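Reader: Hello! I am new to reading protein structures, and I would like to go through one with you. Could we take it step by step?

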Amino acid sequence: MAVDLLLGLQWGDEGKGKIVDVLTQNYDIIARFQGGPNAGHTLEFNGIKHVLHTIPSGIFHKGAVNIIGNGVVIDPIIFKKEIEALAPYEVNLKQNLLISRKAHLILPTHRLLDAASEASKGKAKIGSTLKGIGPTYMDKTGRNGLRVGDIELSDFNDRYRNLTDKHEEMLANYKVDIQYNLQELEAEFFEAIKVLKEFQLIDSEEYLYQALKKGKKILAEGAQGSMLDIDFGTYPFVTSSNTTAAGACTGLGVAPRSIGEVIGIFKAYTTRVGSGPFPTELFDKVGETMTQVGREFGATTGRRRRCGWLDLVALKYAVQVNGVTELTMMKADVLSGFETLKVCTSYLYKGKEIKHLPYNIEEQNVTPIYTELKGWQQDLTKLTNYQQLPKELLDYISFLEKELEVPIKVVSVGPDRTQTIIR
């Protein structure tokens with residue numbers, strides 16, 4: 001058996017949570033492999049909207065085991081709130097949710113450092129979610145971090161105090177005024193640690209190895225999107241982890257040869273939250289319509305998402321870097337009603353037309369070159385099979401498949417899990 005991957009191909013917010021939820025019925029184990037509570041995976045069914053930040057999106061399926069992998073960073077306080085939010089829905093969390101001992105902990109002072117760092121940048125802000133993600137990954141790579149397994153050790157409080165003292169020294173060096181009451185923050189943190197201790201903590205790489213030997217079907221769930229990858233994204237306007245397929249190996253402890261299908265998810269248009277280059281961004285009525293119809297506001301931060309036409313140059317790049325084997329197109333319903341659709345098929349880069357993603361895509365270097373296609377007027381949200389899709393949408397899909405050289409196997413026509421058409 002192999003581990004299949006599901007990951008975003010744009011700047012995040014592609015709809016990974018919904019598709020993981022839809023696909024979970026085909027898997028025994030769902031495993032998150034990177035990111036933290038900066039993720040907001042939205043699931044809608046039975047008239048209820050759920051937003052998950054740390055917990056894998058297969059949690060509502062009774063037969064599936066959900067694992068928070070070693071590549072994830074966990075804020076115990078946010079985790080506790082997630083658990084409390086799920087309480088009314090009879091989800092057997094104690095049995096179906098396992099946590100890697102090697103996952104790193106986000107401390108209250110990590111969030112303070114995040115806020116101080118972002119405030120100190122002024123106009124050069126990178127658009128951090130201020131969840132402490134960056135500082136936690138910095139401590140991880142700097143070999144200072146605390147991990148989930150440390151809470152089982154007798155000297156955890158000493159380890160915590162040593163790292164927190166170091167963080168307070170760092171905060172004192174920032175020339176910005178961050179108001180906080182550490183005593184209050186710590187009281188909430190240690191209450192949340194008690195909740196974390198109630199869950200099954202595992203050596204996740206061994207667990208997954210044995211699961212593969214037994215023939216279990218595993219789906220690795222990514223967070224954020226490929227264009228936010230720390231190495232291959234639009235640096236420095238990126239997240240602090242590897243959001244691409246390679247991150248699943250290091251974030252779960254599975255060997256590259258164990259990777260099976262790579263399912264890439266993209267929106268029928270493009271969005272981005274926060275700062276950073278965005279060649280196809282729209283500032284007109286079309287962009288505003290995409291924002292309102294697509295409800296393009298961050299599930300984690302509530303921030304308005306920037307919207308634009310589909311960027312095939314960036315999408316091809318993400319398909320290539322991830323080795324994508326099949327595609328899922330989200331939010332086709334949002335484009336209903338446009339007479340004409342535009343797709344960026346190349347860039348004018350420093351006076352020359354190119355079809356690959358260059359080192360720098362800031363607006364002074366890149367101008368998108370578009371291909372126009374006919375739009376569709378039909379409301380898609382009530383459609384249930386592929387044959388019902390309007391000809392213009394079928395043409396749009398065929399055009400994208402030809403350009404990307406990968407089949408589009410799933411088309412989403414609404415936010416609910418039932419509004420999913422599988423070809």
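Reader: Is threonine 271 buried or exposed?
Author: Before we start, this is a predicted model, where local features need pLDDT of at least 70, side-chain atom pairs count only at pLDDT 80 or more, and totals for chains, interfaces and linings use all residues. Residues are numbered from 1 along each chain as its sequence is written, and side-chain values use heavy atoms, leaving out hydrogens and water. Buried means under 20% relative accessible area, exposed over 50%, and partly exposed in between, with a 1.4 Å probe and protein chains only. Threonine 271 has 1% relative accessibility, so the answer is buried.

Reader: With which side chain does the side chain of threonine 271 make a polar contact?
Author: A polar contact is a pair of N or O atoms within 3.5 Å; within protein, one must be able to donate a hydrogen and the other to accept it, and residues adjacent in sequence count only if both atoms are side-chain atoms. For the side chain of threonine 271, a polar contact at 2.9 Å is made with the side chain of lysine 267.

Reader: How many disulfides are there?
Author: A disulfide is a covalent bond between the sulfur atoms of two cysteines. Here it is counted as a pair of cysteine sulfur atoms within 2.5 Å. By this rule the count is zero.

Reader: How many residues of H4 are buried?
Author: Helices are DSSP runs of H or I with at least four residues, strands are runs of E with at least two, and both are numbered from the N terminus. Helix H4 covers residues 108-120, and its buried residues include Pro108, Leu112 and Ala116. H4 is largely enclosed by the rest of the structure, because the number of its 13 residues that are buried is ten.

Reader: Against which helices and strand do the buried residues of H4 pack?
Author: Contact means heavy atoms within 4.5 Å. The partners of the buried residues of H4 are strand E8 (104-105) and helices H2 (76-86), H5 (133-141), H6 (156-172) and H7 (182-197).

Reader: Which glycine just after H4 has a positive phi?
Author: Look just past the end of H4, where phi is about 60 degrees. The residue is glycine 122.

How values were computed
Expected span 1.5 Å × (residues − 1).
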